[in-house]
Amino acid sequence: MLHLRFALSRRAYALAFMLSVASVSPPSFGFDDYQLPSLGGASTSVSNEEYRLGRAWLRQFRAQAPQWQDPIVNDYLDSLVARLAPHSQLGNLRTTTVMVDNGSLNAFAVPGGVIGINSGLFAFAEDEGAFVSVIAHELGHLSQRHYARGSARAEQTQLPAMAAMLAGMLIAASGGGDAGMAAAMGSQAALIQDQLSYSRRFEQEADRVGLQAMASAGYNPDAMVRMFGAMQRMARLQGGTPPEFLLTHPVSDSRLSDAQARASQLNIADAYTSDTLYDMMRARALLSIYHNTPQQAASRLAQENSEEQAQRYLSALIAARNGQTDNALQTIDQLARELPDYGMLPASAATVVLEAQRYEEAITRSQRLLRIMPNYLPAQLVLAEAQLQRNPQAAYELLRDITDQHPETPQGFNLLAEAAGRSGYNGWGHLARAEHLQLTGRIDRGIRQLSIAKDAAQQENDQQALARIEQRREAFIEYREALEKF
């Protein structure tokens with residue numbers, strides 16, 4: 001199965017390129033206004049519509065592509081995006097990330113500020129600079145609005161064209177392969193041809209924005225040049241079947257030379273590196289990729305000269321998988337003493353004891369970490385899940401806060417539904433289940449769940465829940481109208 005389950009071919013190059021396109025800067029989008037107005041309005045609202053269409057695409061993508069659920073790595077990815085974003089000409093565009101459970105090299109950017117990566121990007125990028133260079137490049141596509149600029153069609157046709165293209169990608173993601181590509185290409189062939197004429201220039205623009213962002217954020221831009229060289233070698237070795245990322249982002253000699261020349265002219269602000277931390281994230285990715293043969297992950301990490309502390313960390317994770325909980329904790333706790341600034345280490349230890357069903361210890365460890373890092377989501381999720389087994393009311397209160405602060409996190413709503421049910425808040429529990437359904441692209445089921453939530457809230461005479469349910473019903477119906485464009 002190809003990564004993202006997209007059966008791309010060279011003839012579909014232009015279509016796939018359109019995933020690395022951009023949006024404009026939308027207004028803030030909080031928990032109370034997920035609603036997506038119907039498409040095709042006045043041209044003055046196109047920017048908001050692009051944003052909402054991109055977020056609708058993300059929900060459908062969650063329903064059809066395999067997700068890599070790892071809060072620790074996701075938090076790390078979010079931190080990299082947050083570090084690069086102020087230097088990437090994004091304006092006030094709010095970004096969100098999605099991680100795909102696939103070992104092939106890929107990353108993508110979708111209008112609406114969606115940044116996606118495969119677990120395979122960690123496997124291919126052997127140091128943090130190389131990994132960051134890909135994220136910086138994708139942010140460059142977003143900041144330059146390459147989709148909107150690439151279309152030579154009238155402004156009112158851009159959104160229907162974009163909806164058709166994204167619909168085709170969703171068909172492909174669900175196993176439709178060439179049928180999905182044909183659906184997306186069909187009537188939009190002329191628009192896609194427009195994209196081809198822009199692609200080389202767009203790649204160079206995204207490179208330039210990305211290189212500057214890296215330097216301004218403290219990363220050595222030479223890492224992008226090294227990454228390009230590695231990709232070029234990979235493309236030559238794989239011949240006619242390179243990974244999709246190289247089909248959508250081809251590395252030519254001229255592009256490599258241009259990046260090298262520009263990187264040499266940039267000044268690096270306050271050099272920043274964290275290769276040990278990156279290697280630990282890479283360890284988690286490799287363990288996910290080689291989940292059936294974890295020793296392959298350990299061998300690869302060792303062969304590629306990863307930091308010794310990261311190798312010890314991976315050994316501890318493997319030990320935990322094998323039921324050697326205390327041995328794993330001994331290693332992770334020692335690493336936490338050596339690297340006290342790495343909150344992911346005590347979070348990893350808390351996760352290990354949670355998975356071993358040592359709930360009291362998971363609560364103690366996560367609470368200790370949250371006293372130092374109060375809003376650290378991986379620790380909050382561990383605490384909430386452990387409290388579900390010991391104190392559902394406390395879990396419910398915590399998860400209400402988590403979902404308010406992180407309204408794009410399906411896992412939070414899934415846990416909230418369970419915590420609310422165990423605590424006797426049935427109306428809120430069904431509402432949380434509805435939110436989880438809409439976040440994962442199952443809007444019709446979400447609307448039906450809202451009816452169940454209303455009945456439960458009426459039985460409980462919970463007026464606050466009833467008001468919230470009615471508010472969300474209106475948003476869900478508008479959201480369904482947006483999804484119908486797919």
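Reader: In the loop between which two helices does one find Gln357?
Author: The model is predicted, and its residues are numbered from 1 along each chain as the sequence is written. Helices (H or I, at least four residues) and strands (E, at least two) are DSSP runs, numbered from the N terminus. On this basis, the loop holding Gln357 runs between helix H17 (344-355) and helix H18 (359-372).

Reader: Is Gln357 buried or exposed?
Author: Buried means under 20% relative accessible area, exposed over 50% and partly exposed in between, with a 1.4 Å probe and protein chains only. The relative accessible area of Gln357 is 56%, and therefore this residue is exposed.

Reader: Which value is phi of Gln357 near?
Author: Most residues other than glycine have a negative phi. Gln89, in the loop between H3 and E1, has a positive phi near 60 degrees and counts as exposed because its relative accessibility is 53%. Phi of Gln357 is also positive, near 65 degrees.

Reader: What is the mean pLDDT of the protein chain?
Author: pLDDT stays under 50 over residues 1-46 and over residues 172-198. Across the protein chain, 78% of the residues reach 70 or more, and the mean pLDDT is 82.

Reader: How many contacts beyond four places in sequence does the model have for residues 172-198?
Author: Contact means heavy atoms within 4.5 Å. For residues 1-46, where pLDDT stays under 50, the model has 164 contacts beyond four places in sequence. For residues 172-198, the corresponding number is 59.

Reader: Which residues have the most contacts inside the largest nonpolar core?
Author: A nonpolar core is a set of buried Ala, Val, Leu, Ile, Met, Phe, Trp, Tyr and Cys residues joined through side-chain atoms within 4.5 Å. The largest has 121 residues, and those with the most contacts inside it are Phe122, Phe131 and Met344. Apart from this core lies another of 9 residues, including Ala65, Val100, Phe108 and Val114. The answer for the largest core is therefore Phe122, Phe131 and Met344.

Reader: What volume does the largest pocket have?
Author: On a 1 Å grid over the protein atoms alone, a cavity is a set of points where a 1.4 Å probe fits but cannot get out; a pocket is an open set with protein on both sides within 12 Å along at least five of seven lines, and lining residues have an atom within 4 Å of a point. Grid points are joined across faces, edges and corners, and a volume is the space filled by probe spheres set on the points. The largest pocket is lined by 37 residues, with Asn74, Asp78, Thr96, Glu408 and Thr409 nearest its centre. The space in this pocket is about 970 Å³.

Reader: Which element supplies the largest share of the lining of the largest pocket?
Author: At least two lining residues come from each of helix H2 (46-64), helix H3 (71-84), strand E1 (96-100), helix H19 (377-390) and helix H21 (410-423). The largest share, 6 residues, comes from H3.

Reader: The side chain of Thr97 has a polar contact of 2.6 Å with which residue?
Author: Thr97, in strand E1, counts as buried because its relative accessibility is 11%. A polar contact is a pair of N or O atoms within 3.5 Å; within protein, one must be able to donate a hydrogen and the other to accept it, and residues adjacent in sequence count only if both atoms are side-chain atoms. The side chain of Thr97 is joined to that of Asn74 by a polar contact of 3.0 Å. The contact of 2.6 Å is with the side chain of Asp78.

Reader: With the side chain of which residue does Arg255 make a polar contact?
Author: Arg255, in helix H12 (residues 253-264), is buried because its relative accessible area is 5%. Beyond four places in sequence, Arg255 touches His137, Glu203, Asp207, Phe228, His249 and Pro250. The polar contact, at 3.2 Å, is with the side chain of Glu203.

Reader: What is the volume of the second largest cavity?
Author: The whole structure contains 2 cavities of 30 Å³ or more. The volume of the second largest cavity is about 40 Å³.

Conventions:
Predicted model: local features only at pLDDT ≥ 70, side-chain atom pairs only at ≥ 80, totals over all residues. Heavy atoms only, no water. pLDDT = per-residue confidence, 0-100.
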